[in-house]
Amino acid sequence: MVLLNRAFEEENIKTFFSYGSCVTQRVYGAIWAAPYDVKAVIIRSLSNSCDMNPHTGVTYYEDSITKIPIAAVSTAAADALSYFYSIEGPLSVNFELKCETLPDRLSANVIAETKGNEFSNRIIAMGGHFDSWDEGEGAHDDGAGIMHCFEALRILKKIGYQPRHTIRCVFWINEENGMRGALKYAELSELNNEIHVAALESDRGGFTPRGFAMDSVLLSRAKNYQDLLRPYGISELELGGGGVDIGPLKKQNKNTQLVALVPDSQRYFDVHHAETDVFENVNKRELELGAAAVAVAIYIIDQELD
Ligand SMILES: [Zn+2]
C-alpha cells in the first residue's frame with residue numbers, strides 16, 4: 001500500500017494554487033501506483049486544515065492499467081500514518097470502501113433569464129453548479145455560487161435595472177463528475193446560434209468577495225471602476241477569468257469574456273468536498289456580499305461590452 005502525502009504549500013496566499021499543485025495525487029494516484037504491484041493507494045486529503053474528515057473528488061483510471069482502490073484519509077490521519085511509519089517502519093493498514101458508481105439518471109440544467117432591451121439576442125450568462133459530492137451538502141461547492149447568481153438577478157430586478165443584454169442565470173449540473181451540463185449547454189447554445197458576450201462563474205465558495213478574475217478585454221474596461229469597487233473590498237481585478245462550467249463557451253467563441261468571482265480563499269479547503277460543506281458553515285453576510293459583488297460585475301459587463 002502506498003501513502004501519497006504531499007501537503008499544501010502554505011506560502012501561497014491564494015490556496016487554489018496549493019490545491020492545484022497537490023490535486024494530481026488524487027486524480028492520478030491509482031494510475032501512478034498500479035505498475036508497482038501496489039494493492040491500494042491512500043492519499044492525504046487536499047486541504048490545508050488539520051481535520052478528521054476525508055475530502056473526496058475526481059480520480060481517474062485507465063483501462064490499460066490495473067484498477068486499484070484509492071482512498072482519501074483526513075490530513076490528521078495522513079500525518080499520523082506518516083509519523084508512525086517514521087518510528088516503526090512498515091505498518092499494517094486495513095480499509096473498507098463502501099462507495100459505488102450508480103447508473104446514470106436523467107438530470108437537467110436550471111435556467112432563469114431576463115431579456116435585454118438593446119441586444120436581446122446577446123447573452124451574459126452567470127452561474128455555478130447544481131451538483132455536489134455526497135459527503136456534505138455542497139453548500140459552498142457550489143450552493144453558494146448558484147445563489148450568488150440567482151440573488152444577483154433578483155437584486156438587478158429589485159432596483160429596476162433594465163439590462164441591455166439578456167441576462168441568464170444558469171445552475172449547471174454534473175460539474176463534479178463529467179461536466180455534462182456545461183457541455184450540453186454549450187452544444188445547445190451553438191445550435192440555437194446564441195452569442196455569449198460574457199459568462200461569469202462563481203465556484204470558489206461563499207466567502208467574503210475580494211474581486212474578479214477576467215479576460216483581458218473586459219479587464220481593461222473594468223479597471224475604470226476600480227475606485228468605485230474599493231470601498232466594498234472588491235477591487236482586486238486580475239487577468240484570467242474562467243471556470244469549469246463556462247470554459248466550453250470560450251472554446252466555441254474566443255471573444256466571449258469569461259469572469260470568475262474571487263472570494264477570499266483561506267477557508268475554502270476547510271470544507272471542500274468534505275462532510276463539513278454544509279449550510280451551517282456558510283456565513284449569511286459573506287454570502288450576501290458575494291451576491292452583491294456578482295450583481296456589480298454583471299452591471300459592468302452589461303454597460304461595457306456590446
Ligand atoms: Zn465546485
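**Figure legends: the chain and selected close-up views**

**View 1. The chain as a whole.** Of the 306 residues in the chain, 48% are buried (under 20% relative accessible area; exposed is over 50%, partly exposed in between; 1.4 Å probe, protein chains only). The model is predicted, so local features need pLDDT of at least 70 and side-chain atom pairs count only at pLDDT 80 or more, while totals for chains, interfaces and linings use all residues. Residues are numbered from 1 along each chain as its sequence is written, and side-chain values use heavy atoms, with hydrogens and water left out. The chain contains 9 helices and 10 strands (DSSP runs numbered from the N terminus: helices are H or I of at least four residues, strands E of at least two). Its radius of gyration, 21 Å, is close to the 19 Å given by the globule rule for 306 residues, so the chain is as compact as a globular protein of that length (taken over C-alpha atoms; the rule is 2.2 Å times the number of residues to the power 0.38). Along the principal axes, the C-alpha atoms fill a box of roughly 70 × 45 × 30 Å. Among contacts between residues at least 6 apart in sequence, 81% join residues at least 24 apart (contact: heavy atoms within 4.5 Å).

**View 2. Helix α9, residues 284-304.** This helix has 21 residues and reaches 30 Å from its first C-alpha to its last, close to the expected 30 Å at 1.5 Å a residue (the expected span is 1.5 Å times one less than the number of residues). Its buried residues include Glu-286, Leu-287, Val-294, Ile-298, Ile-301 and Asp-302. At the start of α9, a side-chain oxygen of Asn-283 comes to within 3.0 Å of the backbone nitrogen of Arg-285.

**View 3. The cis peptide bond between Asp-141 and Asp-142.** The bond joining these residues is cis, with omega near 10 degrees. Asp-142 belongs to helix α3 (residues 139-158).

**View 4. Asn-174 in the loop between β6 (165-172) and α4 (180-191).** Phi of Asn-174 is near 65 degrees, a positive value in a residue other than glycine. The residue is buried, with a relative accessible area of 14%.

**View 5. His-273 in the loop between α8 (268-271) and α9.** His-273, which is not a glycine, has a positive phi near 60 degrees. This histidine is buried, at a relative accessible area of 7%.

Conventions: A polar contact is a pair of N or O atoms within 3.5 Å; within protein, one must be able to donate a hydrogen and the other to accept it, and residues adjacent in sequence count only if both atoms are side-chain atoms.
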